[in-house]
Amino acid sequence: MNRRRLSSQFDERWHELSIPAGTAQWAALDRRYLQHGLSTGRDSQPLILERGRGCTVWDSDGREYLDAHGGAWLTQVGHGREELAEVAAAQMKKLEHFSSPWHYTTKPAIEFAEALVARAPIGEARVRYSTSGSQCCDEALQVVRRYQWLRGAPERTWVLTLRGCYHGCTYGGAALNQGAIAAHGTFDGMGPVGGDIAQLTPPWPYHQELYGGMDLVDFCVRELETTIERIGPLRIAAMFGEPVMGVAGMVPPPDDYWPRMTEVLKAHDIPFVADEVVTAFGRVGAWYGSSYYGVEPDILVCAKGIASGYMPIGTLIIRSEVADVLEGDYSGGSYGGHAVSCAVAKACIDIIERENLLENARERGLQFLQELQPLLDLPVVGDVHGLGLALGVELVSDKITRTPLDD
Ligand code: PLP
């Protein structure tokens, strides 16, 4: 008797849940079936988004929002481009995918690799495909250590990163971040995450207190030199860095920071891996953040905006001398070089060029930065900063001590 009552209650509930009629029911289904791994937990109600056009999105109640975030900093060409849907459909009808890490390839994978390399500040290079920023950072970590091993320097295992960096949520990415998600949280409890990582002071112009009264760039360069000396240059595999630190708060370094840092790395034959997951493809008003700063990385890691979020895709663009050593080395997965993603990503390049979106990001970014300046009068706004359309407002509880505002 009891069992029957329970089961009929369940049927009623199931019926109610599986025929959603409005936002409340979708929200109930979301709570029941989804876990939002980067959110604050079950108490916060997610926004249910239904459609988008340009910079505008609408929720399931028809409310309109300005997507100032660009999705997850990746909607470079805006929402709702039918032309991209058509490119995807045409490619799917022809051939949806064949994995490029193996000995297969497709015309879209080849064409997009050529377009990536042609715009990269790296000279001769070859592309490895993946599917997300985290996966690419993970693969880049494997690749730099394998590169050293394959070229007869197996003791080069140490990797340098910046405190407050974010290189993703995989074990490798989390190792590079040293288990921290910038100021936002930690990956505590995930067990040991990749050894031999040394973290350096980040270039953060607002936080002059980090540099002990020295010029920021002089301090960072000296710290890099002493760290290399301490670990031993012949034990260092690579340095990873975001041209503009993203998750930390969209913090552009002084213009001479990366040129001077990479000069030191080059002098010690230490490859530089530019994590351009956020900065590539127009976000900072250039194809790559490295081009803006005038540096030539050995590996460029790109994801997010390269197909503007219409399809998942990530890439490693590897300088040929490094790629030659890695030839035949195992890395990559089933979805690498996805033909639909590559076709859509190439069409995004065409849109960015046709509509001058790099220039637009520079101009709108400057205008936005200027118009944000009055926020500095507020007691909780310590700084506004940014490059192109990667802008950040730094919230503080005390402007003198520059203490971050509590969440
Ligand atoms: N690298 C940087 C610099 C990032 O900002 C992010 C994500 O925000 C990642 C890597 C991870 O990319 P994904 O979220 O596509 O895994």
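Student: In which order do the strands of the open sheet of 3 strands stand?
Tutor: This is a predicted model, in which local features need pLDDT of at least 70 and side-chain atom pairs count only at pLDDT 80 or more, while totals for chains, interfaces and linings use all residues. Residues are numbered from 1 along each chain as its sequence is written, and side-chain values use heavy atoms, leaving out hydrogens and water. Strands (E, at least two residues) and helices (H or I, at least four) are DSSP runs numbered from the N terminus, and two strands pair if DSSP finds at least two bridges between them. In this open sheet the pairing is antiparallel, and the order is 13-14-15.

Student: Which are the edge strands of that sheet?
Tutor: An edge strand here pairs on one side only. The edge strands are strand 13 (381-387) and strand 15 (403-404).

Student: What is the bridge partner of Asp398 in strand 15?
Tutor: Strand 14 (residues 390-398) and strand 15 pair in the antiparallel sense over 2 bridges. In strand 15, the partner of Asp398 is Thr403.

Student: Which helix packs on this sheet, touching strand 13 and strand 14?
Tutor: Axes are lines fitted to C-alpha atoms, for helices over the stretch in contact (heavy atoms within 4.5 Å), and angles run from 0 to 180 degrees between N-to-C directions. The direction of the packed helix makes about 20 degrees with that of strand 14. The helix that covers residues 357-372 and touches both strands is helix 13.

Student: Are helix 4 and helix 12 roughly parallel or roughly antiparallel to each other?
Tutor: Two packed helices are described by the angle between their axes and the distance between the axes. Helix 4 (residues 82-94) and helix 12 (residues 339-354) have axes 9 Å apart and pack at an angle of about 150 degrees. Angles under 35 degrees count as roughly parallel, over 145 as roughly antiparallel, 65 to 115 as roughly perpendicular and the rest as oblique. The two helices are therefore roughly antiparallel.

Student: How do the residues of the contact of helix 4 with helix 12 divide?
Tutor: Residues including Leu84 and Val87 in helix 4 meet residues including Ala343 and Ile351 in helix 12. Ala, Val, Leu, Ile, Met, Phe, Trp, Tyr, Cys and Pro count as nonpolar, Asp, Glu, Lys and Arg as charged, and the others, Gly among them, as polar. The contact residues divide into 11 nonpolar, 1 polar and 2 charged.

Student: Which strands stand at the edges of the open sheet of 7 strands?
Tutor: This sheet has mixed pairing and the order 4-12-11-10-9-5-8. Each edge strand has a single partner strand, so one side of it is left without a neighbour in the sheet; these are strand 4 (125-130) and strand 8 (197-200).

Student: What is the bridge partner of Val159 in strand 9?
Tutor: Strand 5 (residues 158-162) and strand 9 (residues 236-241) pair in the parallel sense over 3 bridges. In strand 9, Val159 has as its bridge partner Ala238.

Student: Are helix 8 and helix 9 roughly parallel or roughly antiparallel?
Tutor: The axes of helix 8 (residues 216-231) and helix 9 (residues 257-267) come within 10 Å and cross at roughly 20 degrees. That crossing angle makes the two helices roughly parallel.

Student: Does Gly168 count as buried or exposed?
Tutor: Gly168 lies in the loop between strand 5 and helix 7 (171-176). Buried means under 20% relative accessible area, exposed over 50%, and partly exposed in between (1.4 Å probe, protein chains only). At 3% relative accessibility, Gly168 counts as buried.
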